[in-house]
Amino acid sequence: MGKTRSELRETAMVILYQIDILKSQKVDFNVESLISDNLEIDNEFVRNIVYGVITHENEINELANKHMKDWTIDRIDKTGAAILKIGIYEILYDEETPNIVAINEAIELAKKYSDDNVRKIINAVLDKINNEN
């Protein structure tokens, strides 16, 4: 049986987290290899999120920073940043996922992987971006 979209988002979060770590350590990496290493079966949904976040990362980061008070996306933990980037990507670029679903999925991931402060930041930022669109 295939993974649910929630599980696939979690996989995308792990891949984006790994990319962030490798970039910060200035280690060369291959995105395709990271995707393959994290998926038993190739999945277009995960691939779209990962490549979408990478492609639009500057815009996503700017938008996140614009809506954070006294914080920037590079100050929150790398897992929280990956979750926030996925949420912003889905709100702005994924026409299949309703915005409220993207926000709820991000909050659920944040409850599981981030502390309460980061979860609140993610919720607030995604809510503000959703209200702008």
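Reader: How much space lies in the second largest pocket?

Author: About 150 Å³. This is a predicted model, where local features need pLDDT of at least 70, side-chain atom pairs count only at pLDDT 80 or more, and totals for chains, interfaces and linings use all residues. Residues are numbered from 1 along each chain as its sequence is written, and side-chain values use heavy atoms, with hydrogens and water left out.

Reader: What counts as a pocket or a cavity here, and what is a volume?

Author: On a 1 Å grid over the protein atoms alone, a cavity is a set of points where a 1.4 Å probe fits but cannot get out, while a pocket is an open set with protein on both sides within 12 Å along at least five of seven lines; lining residues have an atom within 4 Å of a point. Grid points are joined across faces, edges and corners, and a volume is the space filled by probe spheres set on the points.

Reader: OK, which element gives the most to the lining of that second largest pocket?

Author: α5, with three residues. Both α4 (57-66) and α5 (78-93) supply at least two. Helices here are DSSP runs (H or I, at least four residues), numbered from the N terminus.

Reader: And the lining by class?

Author: Six charged, three nonpolar and one polar. Ala, Val, Leu, Ile, Met, Phe, Trp, Tyr, Cys and Pro count as nonpolar, Asp, Glu, Lys and Arg as charged, and the others, Gly among them, as polar.

Reader: Switching to cavities: how many of 30 Å³ or more does a search of the whole structure find?

Author: One. The volume of the largest cavity is about 90 Å³. Its lining includes Leu 16, Asp 20, Val 53, Glu 57 and Lys 85, and α1 (5-24), α3 and α5 each give two or more residues.

Reader: At what angle do α3 and α5 cross?

Author: Roughly 100 degrees, with the axes of α3 (residues 44-55) and α5 coming within 10 Å. Axes are lines fitted to C-alpha atoms, for helices over the stretch in contact, and angles run from 0 to 180 degrees between N-to-C directions. The two helices are therefore roughly perpendicular (65 to 115 degrees).

Reader: How many aromatic pairs does the structure hold?

Author: One. Tyr 89 and Tyr 93 have ring centres 5.6 Å apart and planes at 25 degrees, so the pair is stacked. Rings pair if their centres lie within 6.5 Å, and planes under 30 degrees apart count as stacked. Both tyrosines lie in α5, four residues apart.

Note on methods: Angles under 35 degrees count as roughly parallel, over 145 as roughly antiparallel, 65 to 115 as roughly perpendicular and the rest as oblique. Rings of Phe, Tyr and Trp (its six-membered ring) pair if their centres lie within 6.5 Å; planes under 30 degrees apart count as stacked, over 60 as edge-to-face and the rest as tilted.
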